[in-house]
Amino acid sequence: MKQYLYYFFSRYILLYFFLSIAAIGFMYAPELYPPIMILFLWIYTFMLKRKNNLQKDYFLFQAFLVLLISIALCISFILSQGYLSSPYWNIFYIITLPFSPLILSSTTFGNYSVVFISPIIILLAHFIFIYAMTKPQIQTRRITIWSLVMIITTTTSLYIYQNSPSQKFKGGHDFDYMNGYSSTDLSQFYPYTENSQLVELQEPSTFTIENEKDMPILDGAEACYPVYSAIAKAVYKDIDQIEKAYSETENYNYYNTNGKIVTFTNTSVGYTRLINGEVDMFFGAKPSKSQLDEAREAGVEFEYTPIGQEAFVFFVNEDNPVSHLSTQQIKDIYHGDITNWQEVGGQNKDILAFQRPERSGSQSMMTHFMGDVSLKEPLQYEYVSAMTGIITDTAQYNGEKDAIGYTFRYFLEGLHQEQNVKILSVDGVEPTTENIKNQTYPISTYLYCVTLKSNQKENVKKLKDYLLSSQGQYIIEKTGYCALN
């Protein structure tokens, strides 16, 4: 045993440490690393053979190391339940200490697959070279046992990882549209899009802003972009030409505001821009607690102008037999008191109660709906980001059959955000236009235009008045919301 330990500490650690450091140089070209690594291992093993420093029994120790790392990987996966940010991964990191530079560089560049695969590949490659050059006699039974342990541990690890909540429930902020700010393709609602889906007036606007410098800068929630883009198209002279010209400049992608005057950075970023004075008017739901704290710290105060009516809705998969819930049942589900659909008339299935990111408009509304009842810890998932490692985010509805989610009605129906779902009635009332207007639907709410009380620009006030006029209300209702009257 002494000679194996000596062999490991005197040669293996230096060898793997060198290979780990070398890996840093190949992070930008990972396809070069495996052939160079294998070539170096072969040369290293060949030189040991030439110097008669390669004994036949070393392959046994090498095999033991491979099995040890495989078992450690499996144990870490089981204890961590697949979450790569779990402290249980220290078991695996300690066992693979000689590979620490490789692990550090890989995680820095967000390439976690290298962390798991490379140590085993390096050890296996070296094992094969030692075996080929020493030709040891190996019992068939021993080979069978090694192979079974490798297959079982590897398969178990992959199964746990792929079926863990950290990987199963995708969502969050990794958006595909509007420079990463939107989960929905809003291109049909740009002010300059030909044959756009924006609502247009059937008569000249009663209010027009002629000069670009006098136009209030707009931002808002994802579901509100079609509203304020249509308002701008009706009121701002030549806004289509202004925004089209801006979209063709370098600044468009540099600033990532998705517009010069009709901008979009969603609720999370939009409120920060409003607080900082970068925009004049924000369209959406009321801010979250953290956004209110942010405004308080900045010494500003919000002013809310209701401009339309909306419904906050809950939805499930279309095949779910549950079609109705009471407000108390919903609160019990999201507090964690009800955990199985059978408790509310459904099948014997666990309820996957998804939430939204804390600074989103729908999460702010959900917190308001829950009142004094606390929300349980939300389902989460992880994604790997270069230079920052693992990022944990709130998981969102992604077509799970046993899930429940929530949003605003227009976001779900008008923008077709979710497919194959059905909206639940609450306390026996459907969120129809009529029920929203007469507020019999129990979770009716308002669409707001939010400004700063300190913003006394004349056109900001005039534009808010226009939103409440017959033409403004026409645009809001035809877009898909309910007018105030």
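**Close-up views of the predicted model**

View 1. Residues are numbered from 1 along each chain as its sequence is written, and side-chain values use heavy atoms, with hydrogens and water left out. The structure holds 29 aromatic pairs, a pair being two rings of Phe, Tyr or Trp (its six-membered ring) with centres within 6.5 Å, stacked if the planes are under 30 degrees apart, edge-to-face if over 60 and tilted for the rest. The rings of Phe61 and Phe64 are stacked because their centres are 6.3 Å apart and their planes are at 25°. Phe61 is buried at 8% relative accessibility, whereas Phe64 is partly exposed at 45%; buried means under 20% relative accessible area, exposed over 50%, and partly exposed in between (1.4 Å probe, protein chains only).

**View 2. The ring pair of Trp89 and Phe92.** With ring centres 5.9 Å apart and planes at 90°, Trp89 and Phe92 form an edge-to-face pair. Trp89 is buried, with a relative accessible area of 1%, and Phe92 is likewise buried, with 0%.

View 3. One cavity of 30 Å³ or more is found in a search of the whole structure; a cavity is a set of points on a 1 Å grid over the protein atoms alone where a 1.4 Å probe fits but cannot get out, and lining residues have an atom within 4 Å of a point. The largest cavity has a volume of about 50 Å³, and its lining includes Tyr190, Tyr192, Tyr225 and Glu243. Ring pairs link Tyr190, Tyr192, Tyr225, Tyr228, Phe264 and Phe283 into a cluster.

**View 4. Lysine charges over aromatic rings.** The charged end of Lys286 sits over the ring of Tyr304, 4.9 Å from the ring centre, and that of Lys331 sits over the ring of Phe369, 5.5 Å from the centre. The criterion is NZ of Lys or CZ of Arg within 6 Å of the ring centre and within 35 degrees of the ring normal.

Notes. Predicted model: local features only at pLDDT ≥ 70, side-chain atom pairs only at ≥ 80, totals over all residues. 1 Å grid on protein atoms, 1.4 Å probe; cavity = no way out; pocket = protein on both sides within 12 Å on 5 of 7 lines; lining within 4 Å. Points joined across faces, edges and corners; volume = space filled by probe spheres on them.
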